[in-house]
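Dear colleague,

I am handing over the structure we discussed, and would be glad if you could look through it before you set anything up. My notes on what was found in it follow directly below.

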Amino acid sequence: MSQDHLAALIRLVAQNRDREAFASLFDHLAPKVKAFLIHRGLNAAGAEDVMQDVMLSIWTKASLYDAPRGSFQAWVFTIARNALIDRVRRQKPDISIDMIEWDPVDETEGSEERMLREERATKLNNAMKDIPPDQFAILQLAFHEELTQTEIASKLNVPLGTVKSRMRLAYAHLRGRMELAS
Amino acid sequence: MTITHHLDHATLVSYGAGTLPSGLNTIVKAHLEFCSACRKDALVANEIGGSLLNDSQEVEVSASSKSAVMDKIQTATLHRFPLPRSASESEMPRVLQALIGTADLDQLKWRKSGPGVSMFKLPQKSGDAGFFGLLRIAPGQKVPDHGHGGTELTLILRGAYHDEIGHFARGDVADLDESISHTPTAADEGECICVVANDAPTRFRSWPARLVQRFIGI
Ligand SMILES: [Zn+2]
């Protein structure tokens, strides 16, 4: 399913509380969200459970999707990450909220700018396929295996500075490709 | 507030992944309250997470899960759009206020830890090693030369200091790793208060700890 299609579905949910659109989102997202939660250390039953919380949040928070100035897939990621932090560590979920708390939503954003956000996500997905393997590995260890920089350094047996510089390079490469004019 | 020293993009990547130790995580959030440039940069990390999630191999979901969620959405309370917050008027970032319970730096029970230096420790998650707390450095006071074991973040809340790297004033963050050793000196015009966190492995000593060691010879 394309990023544009996903974004159109979440707008139907936000504006019309469209259950059919939500059911399509569920079919597309639930297996990915569950996989992500298992990567981050939940067992199958726990992942099933938290996945339900995540999907429910997507329904109840649908109108917030426009706020963080990002793509739909990034928004889903922040909801999943925060649900996990909430459940596993018993901490207050807080990360996805901080952006919208500080930066007012631009009411004048037109459909063109919105599409641009999803276009950037598509470019990012393509760029992700050709970053150097050593950089990709570090992103996976951070985002999927939930390791700190120090833990990544000792797992790969490289200095902390190497982990940081690979993260910086990956960040710069991906951001550059995302913001490249089409 | 003009901010000249920002967060390292590697720090923002780990922040986005949700893997920073609690003290470092709090300082990142505090700097983000002050800095719209880093808020924008932080969004890129969420995009990276979104892309990796999108690329996840799919795991089969039980059929009952879907009907359970479709049931729950009938009665679920919808979230209202929060009003954007105005920038903090207080010297202390909101995330620290919430942790400490006051917005007034002068009300804290500062503990003297050496000539011209006081300290106020902050709570961190159990299991997180390293130092997390506030330092109050008298005008012109030099902090002994120190290196770092892991990552160290210092956010200036009041006054300014300078070191080999540059001049750091309110809102600036020093994001340093183990390769850097420095000797911060508080500006002569007034005291400098900063919040410091590091994730030094135990074989290293955090610099505030070594500071105490140096001054009072533990
Ligand atoms: Zn900044």
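Donors to a metal are here N, O and S atoms within 2.8 Å of it, and because water is not among the atoms, a site may look incomplete. Please keep in mind throughout that this is a predicted model.

Under that definition, the zinc ion is coordinated at 2.1 to 2.3 Å by ND1 of B:His6, NE2 of B:His31, SG of B:Cys35 and SG of B:Cys38. The angles among the four donor atoms run from 95 to 129°, and the site of the zinc ion is tetrahedral. Along the sequence, the donor residues follow the spacing H-x24-H-x3-C-x2-C. Since B:His6 belongs to the segment before α1 (9–17) of chain B, while B:Cys35 sits in the loop between α2 (22–34) and α3 (36–54) of chain B, the pair ties together parts that are 29 residues apart in sequence.

As for the chain as a whole, chain B contains six helices and nine strands, and 55% of its 218 residues are buried. Of the contacts in chain B with a separation of 6 or more, 67% are between residues 24 or more positions apart. Chain B exposes about 9,600 Å², of which carbon and sulfur atoms supply 50%.

Notes:
Residues are numbered from 1 along each chain as its sequence is written. Chains are lettered from A and ligands numbered from 1 in the order in which they are written. This is a predicted model: local features need pLDDT of at least 70, side-chain atom pairs count only at pLDDT 80 or more; totals for chains, interfaces and linings use all residues. Side-chain values use heavy atoms; hydrogens and water are left out. Helices (H or I, at least four residues) and strands (E, at least two) are DSSP runs, numbered from the N terminus. Buried means under 20% relative accessible area, exposed over 50%, partly exposed in between (1.4 Å probe, protein chains only). Contact means heavy atoms within 4.5 Å. Accessible areas come from the Shrake-Rupley method with a 1.4 Å probe; for residues, only the protein chains shown count as cover. Donors are N, O and S atoms within 2.8 Å of the metal (3.2 Å for Na, K and Ca); water is not among the atoms, so sites may look incomplete. Four donors count as tetrahedral if all angles lie between 85 and 135 degrees; four count as square planar and six as octahedral if opposite donors are over 155 degrees apart and all others between 65 and 115; anything else is irregular.
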